[in-house]
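Let's walk through this one piece by piece, starting with one chain, then the contact, then the other chain.

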Amino acid sequence: MIDKLKETVAKVLNDVDLVIGYENGFDAIHATPYFITSADQIDKLIWNPLCVHNLTTYLPTLKMKKVGIIVKGCDSRTIVQFIQEGLILRDNLVIIGLPCTGVISVNKILTETNREHIEEVSFDDKGNINVKTGKGPKTLAVADFSPDKCGTCQYPTPLVYDHLVGDPIKSDKAPENVYADIKEFESKTLEERMKYWEQEFDHCIRCYACRNACPMCICSDNCIAESRDPHWMTQKMTFTEKFMFHMIHALHLAGRCVECGECERACPMGIPVNKLKRKINQDMKELYGYEPGVNLDEKPPMFMFNVDELKIKEHKI
Amino acid sequence: MPEVAPKELRVVGFLCNWCSYGGADTAGVSRFKQPTDLRIIRVPCSGRVDPLFVVKALLNGADGVLVSGCHPRDCHYSDGNFYARRRLEMLKRLLPFLGIDERRFYYTWVSASEGARWQQTVTEFTSRIHELGPLHIKKEAAP
């Protein structure tokens, strides 16, 4: 697989300025984004369940360059969404798709190994990850230690690609379970829900890692969470401000979030940041039959309207 | 004996300049009696109302938020309220997920000639907020 990928990258590199892929990170359990500009760099390219990042997040800033990019199924949704919103040019992009059977959650692995330093990581063909720490080796199933999004993944094969490395995979996860956790949360009482968010948002340290990791957060330096004019937020560390920040993030992603889970992966405090966006997505599907990042010809629901909205009923007091 | 006024709550209203603000004016000119809990903010169009306006109001002390614009198809800018309808409906569904009663937020359409309808809207919405009581959202972070 990796040989075929390297071959493809070498071929693509002839026509583009750079190819974005993955290489080994600062320790055995972390991979890191890898920017390939010359053929001698290709050797260091890797592909395994450690490749968790959504590399497409770099694309809007590279809009005018010719870029080759390696994407998993979930990452490809971001590209579709970018194209829908006109944030990137399809002609400047060469997409190398990789069917994905699920990645790992570094955080879950580290929790399992008590945050010991991990010396060696290897994968076998049965879907296991072998982790070696100072306390000895451990064999874990990748499926048990993958991010929550992999458990309900509907698109293991990229939705858009120019080159597909490997055979397409069909999802074996039931589509009705995608929002099962949201439905479960909605069965709680209002007070319980408020209590839940009070606790979760209280942990927020306003580092904005979720926003920085988010591929759809494209305001960059003009984010209203930091702007003084308009002055939406102060720098106080109060619950109100934290809540407000998360609302800004969620509402600016309404009908745009492709649920790649980068916000949650980046959060150092383990806040379920993606939950709000997934709730909105669930409503978008119900109200407008729209799922972000799936169909190139669609338009995000907040960018358009119907004169007669069939699903919106007038409210009574 | 002077009549004791019931304690006031804070209701914020975002009204579009062309219809609902005119409607509120009509109600005033017609000397309709209205509750005084509502604080009106005039916006150029209901399409100007960012759902974050509503969230920010609720988080910073409002007990209820009312948004009102021109009737669909009657927008002064032809399609502002169509966009507003999509956004506000999304917000109305999101609020209960956050633990805020969705009845604290109401959006509707009132035209400049509908003074009576405006009076009815304000009266009913304010009495609903009084039924629900003040909104309690935690103010400070835990030490």
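## Chain B: the layout

Reading chain B from its N terminus, the elements come in the order β-α-β-α-β-α-β-α. That gives four helices and four strands in chain B. Keep in mind that this is a predicted model.

How does the overall size of chain B look? For 143 residues, a compact globule would have a radius of gyration near 15 Å, and chain B comes out at 16 Å, so the two agree. The C-alpha trace of chain B spans about 50 × 45 × 20 Å along its principal axes. Of the 143 residues in chain B, 50% are buried. If you count contacts in chain B with a separation of 6 or more, 81% of them link residues 24 or more positions apart.

## The sheet of chain B and its helices

The four strands of chain B make an open sheet, ordered β2-β1-β3-β4, with parallel pairing. At the edges sit β2 (38-43) and β4 (105-109) of chain B, each pairing on one side only. Ignoring direction, neighbouring strands in this sheet are turned by 20° against each other on average.

Now zoom in on one pair: strand β3 (residues 64-69) of chain B is joined to β4(B) by five bridges, and the two run parallel. Which residue of β4(B) is the bridge partner of Leu66(B)? That partner is Tyr106(B).

Helix α1 (residues 20-29) of chain B touches β1 (11-16), β2 and β3 of chain B, and its direction makes about 110° with that of β1(B). Helix α2 (residues 51-59) of chain B touches β1, β3 and β4 of chain B, with its direction at about 155° to that of β3(B).

## Where the chains meet

The contact takes 31 residues from chain B and 30 residues from chain A. On the side of chain B that touches chain A, the elements giving two or more residues are α2, α3 and α4 (115-132) of chain B. The largest share of that side comes from α3(B), with twelve residues.

So what does α3(B) meet across the contact? One answer is helix α10 (residues 274-288) of chain A: its axis and that of helix α3 (residues 80-98) of chain B come within 10 Å and cross at roughly 135°. At the residue level, Lys279(A), Ile280(A), Asp283(A) and Leu287(A) of α10(A) meet Glu89(B), Met90(B), Arg93(B), Leu94(B) and Phe97(B) of α3(B).

## Strand pairs in chain A

With strand β3 (residues 67-71) of chain A, β1(A) pairs in the parallel sense over three bridges. With strand β2 (residues 31-36) of chain A, β1(A) pairs in the antiparallel sense over six bridges, and a hairpin of six residues links β1(A) to β2(A). Ile20(A) shows up in both pairings: it stands opposite Ile69(A) in β3(A) and opposite Phe35(A) in β2(A).

Strand β5 (residues 118-123) and strand β6 (residues 128-133) of chain A pair in the antiparallel sense over five bridges, with Glu120(A) opposite Lys132(A) in β6(A). Four residues lie between β5(A) and β6(A), and in that turn Gly127(A) has a positive phi of about 80°.

Notes:
Residues numbered from 1 in each chain as written. Chains lettered and ligands numbered in written order. Predicted model: local features only at pLDDT ≥ 70, side-chain atom pairs only at ≥ 80, totals over all residues. Pairing = 2+ DSSP bridges. Axes fitted to C-alpha atoms, helices over the stretch in contact; angles between N-to-C directions. Contact = placed C-beta atoms within 7 Å. Rg over C-alpha atoms; globule rule 2.2 N^0.38 Å. Buried ≥ 20, exposed ≤ 12 C-beta atoms within 10 Å, placed from the backbone.
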